[in-house]
Amino acid sequence: MLFAVFLPVLLAIFIPFFSKWKENIHTGYFVLLAPLAVFIYFIPHVGNDFSPVSQSYNWIPSLNIGLDFYLDGLSLLFVLLISGIGTLVTLYSIFYLHTSERLDQFYVYLLLFMTAMFGVVLSDNVFVLYSFWELTSISSFLLIGYWNYKERSRYGALKSMLITVFGGLSMLGGFILLSIITETTSIQAMINKTDVILSSEYFGLILALILLGAFTKSAQFPFHIWLPDAMEAPTPVSAYLHSATMVKAGIFLVARFTPIFSESDWFFVFVSGIGILTLVWGSYMAVRQTDLKGILAFSTISQLGMIMSMLGFGTSAAIYAAVFHILNHATFKGSLFMIAGIVDHETGTRDIRRLGGLVTFMPISATLAFFGTFSMAGLPLPFLNGFYSKEMFFEATLELHESSIAFANVLAQAIPYLAVFGSIFTFVYSMYLVFGTFMGEQKLDQLKIKPHEAPIGMLLSPIILILGVVLIGLFPNLVNNSFLAHTTEAIYGQPMEEKHIKFWHGWYTPLYMSLIVVGIGAILAYTRKSWNSIYSIFPGKLSFNKVYDFLVDQSEKASAKITNMYMTGSLRLYMVLILLAILVCSYSVLWITDGFAFDKPEINDITIQEVLIALTMAIAAICTIFTRNKIAAILILGVVGYGLALLFVVYRAPDLALTQLVVETITVALFLLCFYHLPNLRERTEDVSQKLINIIISVAFGTLMTIVAISAHSTKLFDKISDYFVETSYKLGGGHNIVNVILVDMRGIDTLFEIVVLAIAAFAIYGLIKLRNKKEAE
């Protein structure tokens, strides 16, 4: 699994080289190999005899952090969606993105995102999961802002990252508390300690922090506002990130921790309450949109709310319905995003007000759109997979358990009605989307391009997804016990009874609910123009986007105001602030750790020669303050350095003394080389208050250094590492010179990176010199 997770990012290393051949062979063909290989690797796990698989690799054992991967039914569902939809999206992008685009950057970002999502759904260690989680935010930021020359793309990318990273940091706080309470970083081990977590006084805080991370990522109300703006990304990104993968990361997180949190009634209140509110709001607002991808964005918000609410119900039937709808949603929504991209690609617009009658010019796309939207609407037809999970959703809303919380009981009574209300608007925006685009009056004069059918390469991916819609609709039990049952068991935490999915259950309440949705939805869809003005009343001018913009604007103004208070251009002020920060932090740490200690044992007697050397160094240091001659200042400063070298000799450290002599000699030489460019030394004109501050800070800092030196010897917070080096330097490094063994062997990688940093600095200096010479030549 380690190779499967990191295969995309390993391939990304070579994409810049492959992109050089993009004029002859599209870079996407190389990228296609990564998700396809991962899909082929995991698909054999699907079957009735599936059992969880775990693999562990050491990473940071001292912090109990390892690359621990766990494949159960839940992670298998998501990893197959990520790799399967990723393969189809990559195939689609080959025909969507022209070779004149920056394909190398696009596919590097896409592969980085794939690795991040694989890591999220397969990680068993909470901190590794968090690392991959934030990587999804960063990579999606890059993908959304891919067309960075567009202001809306930059705005959408920044908005998505600010909101999702905020949630991610909250989630990290919950993970830290969980790891402290359970004394483990393994999610499966935490599940086994559910009683400890539920009885903890921090349980409420943990629940809130983790759900905040999930809600922001899965665009739940009121954090949904980033998803519509993310539609500025290229359509392959929208089809991949915002219908099948990234937005479902929040769904995955809630599902993964359901065995722990579902025991609490507050889990139902928060998850189902926010979920059903998101369903209603998303479906209601979708009808207001005029951009095809905008309609699909709010549609995704609505569908995610529906899945989230079912996870909050906590019953096995509801969880099974949620799992089923995750699969179904990926098929019909992914195809619809691709169709929207095809319409944009072949007509030059996504504005539904300019579209209409395209079925004549794009019959294949129209047919695919009809299947996708009717499935999304939950139309009761036996060849549409969306109806099965929608009916299961209605059935689950009628089987909610009573709670000890009064509000939870009220919510349980209201949920069936809210579910029907939200589903009615789901039907309306589905009909609005498909009929407004492909049926009705043709408006060819308002189109930038004469419409025509897309090439077969662009149609292939949505065709495969719609075939999935139809096949699952006709044969739902193909994915039942061999696939979905294992996912439900992983979430519910108990073995599932064998379930048989069928289209006809007789005349019962969920069917009546579906018929009400279709009936009222059809009437509202047909009369949409007559009541569409309601949106000017509610929400009217109210918008959560305005709240976001206000908060960001005020944060920038406050930050600028604070920054301008200290960024005055005064080097003296900068040094004062830096030194004050060092003093406050250092003295605080010393106070907390009882660092103000003076331990006399093991201290050698101080001789007169050491006192004389130290006194000479002190006098020289003070003289540098008062001298006005640059050469004298350089030479006096050298006295301090050479005096330190003498102290190393006295204390029998010849290697350190030699190093100090070399460094000091080079330093003095460099000062002399730069002598001509050094500023003239003059007396500073400062008032009494400034001089007093200088004296206080200098004395405090000198005192701090003295205390730190004494405390380093006297305070023993840890065992001395020097004993380890003495014992193992010859055994591990084969050398008697302990310092050399430390530098070359034990700290070999550190030393290597120090050399690399120097090399990078050298190249940078060389580049600056070349650039300057070039400008002078011009």
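Alanine 219 is buried, with 0% relative accessible area (buried means under 20%, exposed over 50% and partly exposed in between, using a 1.4 Å probe and protein chains only). This is a predicted model, where local features need pLDDT of at least 70, side-chain atom pairs count only at pLDDT 80 or more, and totals for chains, interfaces and linings use all residues. Residues are numbered from 1 along each chain as its sequence is written, and side-chain values use heavy atoms, with hydrogens and water left out.

- Most residues other than glycine have a negative phi, and most peptide bonds are trans.
- Alanine 219 isn't a glycine, yet its phi is positive at about 55°.
- You'll find alanine 219 in the loop between helix 11 and helix 12 (helices are DSSP runs of H or I with at least four residues, strands are runs of E with at least two, and both are numbered from the N terminus).
- That loop, between helix 11 (203–217) and helix 12 (226–229), also holds proline 222.
- The peptide bond from phenylalanine 221 to proline 222 is cis, with omega near 5°.
- Phenylalanine 538 and proline 539 are also joined by a cis peptide bond, with omega about 5°, and proline 539 sits in the loop between helix 24 (528–531) and helix 25 (544–566).
- Asparagine 64 is another non-glycine with a positive phi, about 60°.
- Look for asparagine 64 in the loop between strand 1 (53–60) and strand 2 (65–71); its relative accessible area is 45%, so it counts as partly exposed.

**The largest pocket**

- The largest pocket holds about 870 Å³ of space.
- On a 1 Å grid over the protein atoms alone, a pocket is an open set of points with protein on both sides within 12 Å along at least five of seven lines, while a cavity is a set where a 1.4 Å probe fits but cannot get out; lining residues have an atom within 4 Å of a point.
- Grid points are joined across faces, edges and corners, and a volume is the space filled by probe spheres set on the points.
- Of the 19 residues lining the pocket, Ile625, Phe626, Arg684, Glu686 and Asn694 lie nearest its centre.
- Helix 27 (608–626) and helix 30 (688–714) are the elements that give two or more residues to this lining, and helix 27 gives the most, with five.
- By class, the pocket lining has eight nonpolar, five polar and six charged residues (Ala, Val, Leu, Ile, Met, Phe, Trp, Tyr, Cys and Pro are nonpolar; Asp, Glu, Lys and Arg are charged; the others, Gly among them, are polar).

**The cavity**

- The count comes to one cavity of 30 Å³ or more, and the largest cavity has about 80 Å³ of space.
- Residues lining the largest cavity include Leu292, Leu336, Ala369, Thr373, Thr437 and Phe438.
- Helix 16 (292–313), helix 17 (316–347), helix 18 (363–377) and helix 20 (406–438) each give two or more residues to the cavity lining.
- The cavity lining divides into 10 nonpolar, two polar and no charged residues.

**Serine 283 up close**

- Serine 283 lies in helix 15 (residues 265–286) and is buried, at 0% relative accessible area.
- Its side chain reaches the backbone oxygen of leucine 279 at 2.9 Å, and a polar atom of that side chain lies 3.1 Å from the backbone oxygen of glycine 422.
- Leaving aside neighbours within four places in sequence, serine 283 is in contact (heavy atoms within 4.5 Å) with Phe298, Ser302, Gly422, Phe425, Thr426 and Tyr429.

**Aromatic pairs**

- There are 41 aromatic pairs (rings of Phe, Tyr and Trp, the last by its six-membered ring, with centres within 6.5 Å; planes under 30 degrees apart are stacked, over 60 edge-to-face and the rest tilted).
- Phenylalanine 370 and phenylalanine 435 pair edge-to-face, 5.7 Å centre to centre with 85° between the planes.
- Phenylalanine 370 lies in helix 18 and phenylalanine 435 in helix 20, so this pair ties together parts that are 65 residues apart in sequence.
- Phenylalanine 370 counts as buried at 18% relative accessibility, whereas phenylalanine 435 is partly exposed at 36%.
- Tyrosine 388 and phenylalanine 503 are also edge-to-face, at 6.2 Å centre to centre and 70° between the planes.
- Ring pairs link Phe221, Trp281, Tyr284, Phe421, Phe425, Trp531, Tyr535, Phe538 and Phe544 into a cluster.

Notes. A polar contact is a pair of N or O atoms within 3.5 Å; within protein, one must be able to donate a hydrogen and the other to accept it, and residues adjacent in sequence count only if both atoms are side-chain atoms.
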